[in-house]
Amino acid sequence: MATYKKRGYKPKTQAEKTEALEDNSTTAEVFNTLDESASRTEEWAVKNQNYIIGAVAVIALVALSYLGYNKFVAEPKASLAMNDMFQAQQYFEQAVNGVAAKDSLYTLSLNGGEGKFGMLDIINEYGGTPAADLATYYAGMAYYNLNDYQNTVKYLSDFSGDDLLLAPIANGRIGDAFVQLNQPEDALSYYEKAASMNENGFTTPMYLFKAGNVALTLGKTEAALEHFNTIKETYPTSSQAANIEVFIGQAQASL
């Protein structure tokens with residue numbers, strides 16, 4: 001077994017000289033192996049340098065293209081889309097806050113007016129931008145207020161925004177549309193989905209209450225009771241909790 005020796009130590013006995021020769025031989029073999037491996041690696045690199053350079057160039061080109069696309073195409077397009085949507089948003093807000101000509105304003109928000117884009121134009125012209133996704137939400141809401149429930153479901157189902165408020169409201173409105181289409185099973189599914197998204201004291205009890213009522217009409221009494229009791233226990237200060245005992249009593253009477 002090899003022993004530790006101070007630097008500069010010279011072997012004295014024949015055994016130590018033999019061990020030193022073996023150590024030098026092993027070290028030489030290791031370095032020779034490393035040299036051979038390095039040489040083979042260098043030879044491979046030289047032989048394939050065109051492929052290596054090409055691969056690096058492709059990676060660099062992809063990265064630069066991505067950055068360039070975002071900076072010079074995607075970002076300006078997104079900004080232009082938001083600007084072009086401004087008038088359509090104004091029509092929508094006027095319809096929500098107004099008392100007259102609501103249908104006309106919702107229609108203008110969808111189709112545009114005064115030479116400006118409507119929500120449908122934004123969706124078609126600026127697909128893939130945040131503005132187009134938001135326009136999809138507005139379109140679905142406008143269609144609901146125009147009593148076009150099929151298009152309500154179509155557009156709000158395409159809305160992919162993850163806004164903490166808009167996402168549950170979009171799913172809840174799909175539930176409302178399915179109620180109008182006399183599809184209570186679908187309505188219940190969307191109300192429950194809306195209630196479970198971003199649990200809070202506003203949208204959660206509102207959609208739990210709607211889910212409970214639809215569940216009652218479907219004869220799903222236990223599900224209805226679960227939703228009503230959740231409102232009572234978890235959201236006692238919500239507006240839905242005010243008369244919740246009445247609905248709990250109706251559900252219990254149906255058992």
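Helix α7 is followed by N182, whose phi is positive, near 60°. Helices here are DSSP runs of H or I with at least four residues, strands are E runs of at least two, and both are numbered from the N terminus. Please keep in mind that this is a predicted model, in which local features need pLDDT of at least 70, side-chain atom pairs count only at pLDDT 80 or more, and totals for chains, interfaces and linings use all residues. Residues are numbered from 1 along each chain as its sequence is written, and side-chain values use heavy atoms, with hydrogens and water left out.

**The chain as a whole**

- The protein chain has 11 helices and zero strands, so its pattern along the sequence reads α-α-α-α-α-α-α-α-α-α-α.
- Of its 255 residues, 32% count as buried; buried means under 20% relative accessible area, exposed means over 50%, and partly exposed lies in between (1.4 Å probe, protein chains only).
- Among contacts with a separation of 6 or more, 47% come from residues 24 or more positions apart, a contact being heavy atoms within 4.5 Å.
- The accessible surface comes to about 16,000 Å², with 55% of it belonging to carbon and sulfur atoms; the areas come from the Shrake-Rupley method with a 1.4 Å probe, and for residues only the protein chains shown count as cover.

**Helix α7**

**Helix α10**

- With 14 residues (221-234), α10 should span 20 Å, which agrees with the 20 Å between its end C-alpha atoms.
- T221, A224, L225, H227, F228 and I231 are buried in α10.
- These residues sit on the same side of α10, because they cover an arc of only 165° around the axis; the arc is that of the directions from the helix axis to the C-beta atoms.
- E222, E226 and E233 are exposed on the other side of α10.
- The buried residues of α10 pack against α8 (184-196), α9 (203-217) and α11 (244-253).

**Aromatic rings**

- The structure holds 12 aromatic pairs; rings of Phe, Tyr and Trp (its six-membered ring) pair if their centres lie within 6.5 Å, and planes under 30 degrees apart count as stacked, over 60 as edge-to-face and the rest as tilted.
- F92 and Y138 make an edge-to-face pair, 4.9 Å centre to centre with 65° between the planes.
- That pair links distant parts of the chain, 46 residues apart: F92 belongs to α2 (residues 49-97) and Y138 to α5 (residues 130-145).
- Both F92 and Y138 are buried.
- F228 and F247 form a tilted pair, at 5.7 Å centre to centre and 45° between the planes.
- Because F228 lies in α10 and F247 in α11, this pair ties together parts that are 19 residues apart in sequence.
- F228 counts as buried because its relative accessibility is 0%.
- One aromatic cluster is formed by F92, Y106, Y137, Y138 and F159.

**A charge over a ring**

- R173 lies over the face of Y144, 4.3 Å from the ring centre; a charge sits over a ring if NZ of Lys or CZ of Arg is within 6 Å of the ring centre and within 35 degrees of the ring normal.

Note on methods:
The expected span of a helix is 1.5 Å times one less than its number of residues.
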